[in-house]
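Welcome, and thanks for taking a look at this one with me.

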Amino acid sequence: MNDRFLDFAIRYGFLILLFGLIVYFSLAAPGFFGPLSAAFVLQSVAITGILALGVTCTLVVGGFDLSIGAVATSALMLSAYSMVILEHPTVVAVFLCLGMGALVGLINGLLIVKFRVPDLLATLGMMFLLIGLQRIPTQGNSIATGMTLTDGTVAEGTFSAAFLWLGRHRFDVVIDRLLPMPVVIFIGIAVLIWLFLGFTRHGRLMYAIGSNERAAALVGTPVNRYKIAAYMISGVTASIGGILLAARLGRGDIASGNNLLLDSVAAALIGFAVLGAARPNAFGTAIGALFVGILLQGMTMMNAPYYTQDFVKGAVLVAALVFTFYLSSRRSGAGH
Amino acid sequence: MSVDALKVNGLQKSFGKNHVLRGIDVTLEPGSVTVLMGANGAGKSTLVKVICGHQRADGGSMTLAGHPFDPANAADAIRQGVVTVHQSIDDGVIPDLDVANNLMLDRLVERSHGLFVRERHLRAAAAKVAAEMGIDVNLRARVSDLSVADRQMIAIARAMARAPKVLILDEPTSSLSATEADRLFALIDRLRDQGVAILYISHRMSDIRRIADRIIVMRDGAISGTFDTAPLDYEAAVTAMLGHRMTDVDVAVQSGSGPVLELSDLRLTQGAAPINLEARDGEVVALVGLLGSGKSRLAEILYGMARPASGTVRINGENYAPSSVEDAVAQGVFMSPKDRGTNAVIAAFDIADNMTLPFLKSLSVGSLLSAARQKTRAQEMVGQLGIVCQSVSDGIGTLSGGNQQKVMIARWLLEPAQVLLLDEPFQGVDIGARRDIGRHIRATATGRATLVFLAEIDEALEIADRIVVMNEGAIVGEHKNQNVDLAALVANISGAQSTATGPQP
């Protein structure tokens, strides 16, 4: 009986908590329950969610990617540089960013599998490098139309309407102009990664690598290729996040995206606790991101000051980790 | 001795409806080695866990040297003098510290030790412990650089530093070679002379013959036999364990049809003697040899993990030089590696996922996995190999060692192989599962050449058509598995000069 209760708690505890939270805020904060508020929550978590899905892939192969935040801000700056200063069309700017993300992922992967640098250190180094690199072309300044360049000329380019559309367009769902484009992209990527990790043989092999790399190699899995692929997925999703951020802001703001890394890593780790998976998974990551979003939205509507937000996120993360590691270990211990 | 070291009375333990221990009575005497035998699932591990404080009993009592003994946890059991060396050695040592620090680790934990480590004192004390235990290794060497046997010795030495009354060794030889095991036995002899009561859990008959003073056999959660009059009746012990008489496995020796695998002048390393070997279709060849005999190296070469120094390998007449494991598998050479815990089992996966791992491609539509096909295939193999499980969606960790190994072997029987390599397939496997595996390997042998890499002669005699002995990277003897001259075989293995039984055609 006790075992079964524990089992139930591990499996559904987090979802029940999420549901309880929604009910509580709906009752306590007028206006919380409604399509506009829901769209706002989704909007607030879309970009972190996309980054978190990428880092989930690296967690699956037993790695970690600390460079995602820096990749996203680099993509933000690169898209601005490409459109505002070099006056590229939208498509070129987008592909430049995606290519940059893939390249960074490839370098991360090679550092880890070929040069045997531990994953945390390799991606930490890459993070540092990118944070520095994105400042060099503009001498540390933000990029906006009309800014004066070092050679005295004025940047003539602008963010194209098509590019801004990516970040600002809203689809008509229930109410006119409700669902923002980044949310649609977030949901699309979530479904793709969920299918990829959960239902393809590639995903299954990546989980095998994360659980026992040597055993996976000894059944003929090309371990290195899968690991590099995981970091490349992470790099590409991070660059998508950066593109959407740039499209929403409409300028190459050097200071934005500071919280991206911590927030998305937190979402991926909270995801461990969803459905008692006790391992990285796309569904959990998406729910994890949503959980944080709902909590913050509800608290904001109940007039909690903004500076308590990080504290709350941290508390949720710690609770989720205890949930995952302590309760699950008790369950597996009792099973024998 | 008047007082028993450890006395266990009517011990009971259940997990839900599953009665794992139903009234166990055991006494351990000082200065004596008691071997605990039992097939997987007999309740050995649970008994050990209760004695060493990992789990509480539901009923019954224990006394230690005449006093009631009811350890609250593992640390409590150790404090009271019951020390256990578990199967996975690395639980007992700190790999990144040197030998001296490992030996003195328990001293460092004591509050009376003080804040600073006095390096010279520590080394002197460590040297003393090492000398007492007969451990002959460089005290400054890092434990991670030592062999498994040395690490095991250090784990035991650490246990002994607490001067235990009872020492429990859980399958200590499962990853040791014969010579390494001999060193361990010498150490056990010394401890017995010091008056320690030793409980030794093992599957290996050769170990048991070597060190047992008494044998206790468990079966279905109860003691099914106690043997303590010399000479010990080993056959009766095995009977008590299995519930039926141990019959010598009758191998209907096959000589196989056409050659499948041909090694010509293969040198494992620069300067090693050339190896020439042929394995035929339908034939099971056992390669036996001690650690360092080159059989692991040969397995690695055939499986694309290493390159030979020179020579050629042909499969069905075509040159075979795999560049990677992936390449080897693609060419129909499969290997079930030794040490399944590190090399084969995916702990996070269920039985079906573990079993089908190498062949996910053929169980997918495009890239999309078909869970239904995985299940069907896994269920077929579960039936064929007699794997005991509730369902193929159970976690691999819920299976006993023998059944886990069956899953690991089944993995490579899912698709037809040209050459099947089995490296120590009977490691940590009870005798029942071992027979099942052996029978199934032989029954399915047609259509491929099967090479089995083994350290134990008994196991080779059970499974092989032909036994090939390796020593120092060369083939030193070959025996058809029919009225084998055991003395000659043993002489080959131990490297006594080549005997009359030279290679046969």
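1. A word on terms to begin with: helices (H or I, at least four residues) and strands (E, at least two) are DSSP runs, numbered from the N terminus. Please also keep in mind that this is a predicted model.

2. Is Ala230(A) buried or exposed? The cut-off for buried is 20 or more other C-beta atoms within 10 Å, and Ala230(A) has 30 C-beta neighbours inside 10 Å, so it counts as buried. Setting aside neighbours within four places in sequence, its contacts are Cys57(A), Thr58(A), Val60(A), Val61(A), Gly63(A) and Met206(A). Leu133(A), by comparison, lies 97 residues from Ala230(A) along the chain, and 23 Å separate their C-alpha atoms.

3. Now step back to chain A as a whole. Its secondary structure amounts to 13 helices and two strands. The radius of gyration is 21 Å, close to the 20 Å from the globule rule for 336 residues, so chain A is as compact as a globular protein of that length. Along the principal axes, its C-alpha trace spans about 75 × 55 × 35 Å.

4. Chain A's interior is worth a glance too. Of its 336 residues, 48% are buried. If you take the contacts in chain A between residues at least 6 apart in sequence, 75% of them link residues at least 24 apart.

5. Next, the meeting of the two chains. Here 19 residues of chain A are in contact with 22 residues of chain B. On the chain A side, α8 (201-211) and α9 (213-218) each provide at least two residues, and α8(A) gives the largest share, seven residues. Sorted by class, that side of chain A holds nine nonpolar, six polar and four charged residues.

6. Finally, have a look at strand β8 of chain B, residues 197-201. Why is β8(B) described as largely enclosed by the rest of the structure? Five of its five residues are buried, which is the reason for that description. Ala197(B), Leu199(B) and Ile201(B) are buried on one side, and Ile198(B) and Tyr200(B) are buried on the other.

7. The partners of β8(B) complete the picture. Strand β3 of chain B (residues 32-37) pairs with β8(B) in the parallel sense over five bridges, with Leu36(B) opposite Ile201(B). Strand β7 of chain B (residues 166-170) also runs parallel to β8(B), joined by five bridges, and there Leu169(B) has Tyr200(B) as its bridge partner.

Technical notes. Residues numbered from 1 in each chain as written. Chains lettered and ligands numbered in written order. Predicted model: local features only at pLDDT ≥ 70, side-chain atom pairs only at ≥ 80, totals over all residues. Contact = placed C-beta atoms within 7 Å. Nonpolar A, V, L, I, M, F, W, Y, C, P; charged D, E, K, R; others polar. Buried ≥ 20, exposed ≤ 12 C-beta atoms within 10 Å, placed from the backbone. Pairing = 2+ DSSP bridges. Rg over C-alpha atoms; globule rule 2.2 N^0.38 Å.
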